[in-house]
Amino acid sequence: MGTTIGIWIAAGLTLFIYSFLYKDNPFYKFAEHLYVGITAGYWIIYTWAYVIQPMLLDPMIKNKQFILIIPAFFGIIMLTRWFPQISWLSRWSIAFTVGMGAGLGVTGAIQGFILPQVQATLVPLTGFNFETFNNFLIVFGVLTTLIYFYFSKEQKGVLRWGSKIGITFIMVAFGASFGYTVMARISLLIGRIYFLLSDWLKVLR
Amino acid sequence: MLKRTLLLIVFLILSISLFSENDSLIFLENQTPFEGFAITGKDIPNDGGGGIEIEWSFPDSLDNFFLTVLRKDEAGNNSIVATDLLVSSKQVRDVSSEEDPSRVKDGTKYYYTGILSKKMVDEDFLNMLISKENGYSKNGIYIFNNDTFYVTAETDAIISKASWFNLSRIPVVISLILISFVFLYYLNLAKSGKELYIRKINGLDAVEEAVGRSTEMGKPIMYILGIGYVTDIPTIAGLTILSRVSKKVAEYETKILVPSYDPVVMTTAQEVVKEAFTEAGRPDLYNKNDIMYITQDQFGYAAGVDGMMMREKPGAVFLQGLFFAESLILAETGHSIGAIQISGTTETAQLPFFVAACDYTLIGEEMMAASVYLQKEPMMLGSIAAEDLLKVFIMVLIIVGFVLSIFAYGFNIGIFKNLFDLLARALQV
């Protein structure tokens, strides 16, 4: 019985959300507000159960890790935004978070993107065959794309042509990525329609 | 009496046979399935401690056999590291984790033993081996309930320790030093007053056009920062562009809506918009409720922003920040209400959707450059110039690799092969 009610609610809300394809309407509004409200509430509980309690309260109370008072302090001063006289205090937390993010981003980008990307471009050119042509395209595509993202000079002459070829490579890559992702989205749609026809309407078995 | 004695004998014989069938154990000391049957262990290099790597190299014919690894500490406590690993996996790591932080203690001596078997290891046999009384110090062949288990000799004592440096990341340190040097050089250059050039970014003129159009139509502007956190670089770039857009909004005396995914991003956006309105001389127009929190659920956020778009009907929609699967949902809704849309993100998988559904798109780093172009601060211009120099360096590196590759593999010249491999290894992280 519980499952049946659940299926009816899920099917109803699916149709309410899909009704947005026609136009904004009270059914969509209801589903939207329900969804936003439930998820906002869910994240409050999630933050408490998976962040504040296990990462702050438990280690501090049970394991006496009092060093955690520092992040707790930075967290609490975020709440000073409610009091205009001392709301400037919240900027400390924001500054710390932004600075830390930017700093970590530098090493992360070097290790995760720049060096592996350069290394992946060092490809063997073994002779006149398809693999060599493919590898040549990789090198040429990377170089011209880098020219497109060169900002310190006006794009004239060689830079202009290099940049044009670079954006062509980018657009070809985008086209492939677009097609690939659309395919994945279609499979999600199929999954939803299958749910409606199978679990709800029982038309499909 | 005789009858009773006979019955007792029969009962005893039956009991012994049953007992021996269930728990029969035959041990053949020092017998091995092949020469060099052993496992080895070592401290995991370049780690923070609390980890030992156990390796084995058995003949390929045993690839489908199972290996169970046991550990004994210096106090004689036995425990199971891993059971029934496929021999073909060649190694296993015994590491401390968040759940079990004292599993492997630095400075403690550990001894490891492997049990090779064709079938999965018998639990009773395993319990017998690790029991304190038996231990598993004897290597050889154990036949337990007709199943054969080959037990290796104990490894030498292995001690886990933390490394001061992760030597595998030397290329990262060198790159970091190089990048820092180049950045500091250009920042000093910018400070000294040298004028640095940045080319015009396509689509930026549209910012003013979009805000102006919205104002003329009497519609608000919507600025969506995506689902990134304030620690994400695209979100930071999005906030810089938000500053410029807000200033224009204040100058045109119109309204800006910033629905936010993350509370910290919302707070930062409030600060940015407030400052921009103050700079434009219109702090009175600032309304912090226009920069609101929606939810931290990806599609909940998308549904909320879509609904808001349909109701508020903004004349211009800015999508600047970090976007994932919700990108097309947002961009398509913006398109359907006829808003002029300017998007920008570094997420390559989402950029195609923005290119398809928006009027202007800032691709990847263009977004960062756009924020610099709009502010034209000498320090930020310095950082763009430094980045460009590093790009030239990378291009040179790729061209060198390309030329080396031609000589190494095209013309088969040994010295170039060595140089090519050296370059590839130097970039390995």
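My entries follow, starting with the ground rules.

**Ground rules.** This is a predicted model, so I kept in mind that local features need pLDDT of at least 70, that side-chain atom pairs count only at pLDDT 80 or more, and that totals for chains, interfaces and linings use all residues. Residues are numbered from 1 along each chain as its sequence is written, while chains are lettered from A and ligands numbered from 1 in the order in which they are written.

**Sheet in chain B.** I looked at an open, antiparallel sheet of three strands in the order 2-3-6; strands here are DSSP E runs of at least two residues, helices H or I runs of at least four, both numbered from the N terminus. Strand 2 (39-43) and strand 6 (91-95) are the edges, each pairing on one side only. Pairing takes at least two DSSP bridges between two strands, and strands 2 and 3 (51-56) of chain B have five. I noted Ile39(B) opposite Trp56(B) of strand 3.

**Helices 5 and 6 of chain B.** I found helix 5 (233-251) and helix 6 (263-279) packed at about 35 degrees, axes 8 Å apart. Axes are lines fitted to C-alpha atoms, for helices over the stretch in contact, and angles run from 0 to 180 degrees between N-to-C directions. The contact includes Leu239(B) and Leu242(B) from helix 5 and Val272(B) and Phe277(B) from helix 6; contact means C-beta atoms, placed from the backbone, within 7 Å.

**Tyr301(B).** I located Tyr301(B) in helix 7 (298-312) of chain B. Is Tyr301(B) buried or exposed? I put it down as buried, because it has 27 C-beta neighbours inside 10 Å; the cut-offs are 20 or more other C-beta atoms within 10 Å for buried, 12 or fewer for exposed and partly exposed in between, with C-beta atoms placed from the backbone. Leaving out residues up to four places away in sequence, I listed its contacts as Ile227(B), Tyr261(B), Ile294(B), Thr295(B) and Glu326(B).

**A against B.** I have 50 residues of chain A in contact with 54 of chain B. Helix 4 of chain A gives the largest share of chain A's side, 17 residues.

Definitions and conventions. Contact = placed C-beta atoms within 7 Å.
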